[in-house]
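User: I am new to this structure and would like to go through parts of it step by step. Could you take my questions one at a time?

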Amino acid sequence: MALYTKAQMLTQVRELLNEPVALFWTDAELDNYLCWGTRTISGISLCVPTSDVIYSDVNSSWAAGTLQVQMAVDFIKVTAVTVCVSGNASFDGTPIQLQRLDIRNFGHGAPAATATDQAPQWYYIWGDRIFVWPCPKGTTISAQGSDGGYLTVYGYRTAWDYDHEAVGVAGSTYDVPDRLQACLLDFVLACAYVKTGKYSLTRYHMANFMQNAQMDRRDVFESNQIVDSLDRFMIPDRTQQAG
Amino acid sequence: MAYAFTDLVLSTMTTRVRSMLNEPNALIFTDTEITDWINRGTNIVMKDSKCKRNIITKLLTNGTAEYSYATLFTATPNAITVEAVFYAGGTTATVPAPQVVSGGYCLEKIHPRQITTSPHAAGSAPRFWYDRNDTIGISPTPTTAGGLAGYVFLYYENENLFVPNTTINALPNHLQEVVTWYVLAQANIKTKRYSVANMFMSIFMNYLMFYRQDYFAKPVDSADMMTAPDYTQFA
């Protein structure tokens, strides 16, 4: 449940604009700014995690012996890629975490790019395509429906709208977490004040929006990228300072 | 029907801009002007964010070391830069699809002044590439091996794959709406409100640089990042 529904958000905006009923700003305009802000905040704070599962069936672009596959999701950032290759006892059913490489690494080192029938170890991304190396081939990959060889790409995408439909339920899904909804108001106000020519207010609200969105990014997304070091599990030794 | 991201189209963007300029019908700003600004903004975003990336396959010519952009990028023009060159070799006349591994390796990029100091003898397989004046050079010069000098895949960044005056959806989802700020800046230049234009341009550039870092500057994973730390020694 969201803190505010879309209608409640627009009411909040109108309250802040001191225009409870549409006179200068139409509902369509404010709705447009809210949708725009939702997409923008997801791009900055990376608050919409998503994954793209690509099966290795005959209809997929990731067929045996192919290195490259097209991703269906417009990722802003890819954080991890796993592959599950069936047909090989060592890897059957257990996802393998792939290591990200630079494109220039490709083909150098062992196993050679020609090596096939091996478990994939690395990936890199170029545009909307992901490359897996070594590419599974022949017996190391089987079609979906048997053991289910598949590739999973984890990352973050752009939000779609403030609220949108889950299948069959209108306005039921919220892309932006509750904690960012107040921050969104600043974006909507910044846009609304452009129309009135009150540009200093636009600047004020946009600065607030950017600071809050980036703070959330640091607090949530970036903190999740930091793992505990071994040092954090040791009590510091201060005995050498005693006496 | 499940909801999905709706790409921006020109009419939606124009309506939004007119709304923010408080000019629903053309008086000061014509539709043609706004369209031009949207297209120009899209082009700038495309160029500066490095968001459009493609691959082409090129059959090298025996004895030819250099290939101009004009001859390489005939199908998808306006390449900005070439990022990497993968040498796939090749012993048949069949053009290999870039996604299929048939052996090969990425060439190392060098400066043209380094060509003569190559440790690889002439006639051996290509090992290096360079970019000089919109021309890609391969070193050592490709020679016939089993009938062909070999294929290369060029990974490059390009601009202008969108259809002018129709859509800005050639941009990735998160970059489409950034163009709005550019258009507002241009509109305020026309009305001589330069400080306001400067503010909108600052917002535009701020978003653009932020997204460029996210999209383009992606480091590789180090070996440590692939291993779970062992805490058992502290138990």
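Predicted model: local features only at pLDDT ≥ 70, side-chain atom pairs only at ≥ 80, totals over all residues.

User: How many of the 12 residues of α5(B) are buried, and which element of chain A is included in what covers them?

Analyst: The helix α5(B) is mostly covered, with 10 of its 12 residues buried, and among them are Trp181(B), Tyr182(B) and Leu184(B). The covering elements include α1, α2, α4 and α6 of chain B. From chain A, what covers the buried residues includes α3 (181-196).

User: At what angle do α1(B) and α2(B) pack, and how are they oriented to each other?

Analyst: The axes of α1(B) and α2(B) lie 10 Å apart, and the helices pack at an angle of about 110°. Angles of 65 to 115 degrees count as roughly perpendicular, and α1(B) and α2(B) are therefore roughly perpendicular to each other.

User: Which residues of α2(B) make the contact with α1(B)?

Analyst: By class, this contact has 5 nonpolar, 2 polar and 1 charged residues. On the side of α1(B), the contact is made by Leu10(B), Met13(B), Thr14(B) and Val17(B). On the side of α2(B), the residues are Asp31(B), Ile34(B), Thr35(B) and Ile38(B).

Notes: Residues numbered from 1 in each chain as written. Chains lettered and ligands numbered in written order. Buried ≥ 20, exposed ≤ 12 C-beta atoms within 10 Å, placed from the backbone. Helix = DSSP H or I, 4+ residues; strand = E, 2+ residues; numbered from the N terminus. Contact = placed C-beta atoms within 7 Å. Axes fitted to C-alpha atoms, helices over the stretch in contact; angles between N-to-C directions. Parallel < 35°, antiparallel > 145°, perpendicular 65-115°, else oblique. Nonpolar A, V, L, I, M, F, W, Y, C, P; charged D, E, K, R; others polar.
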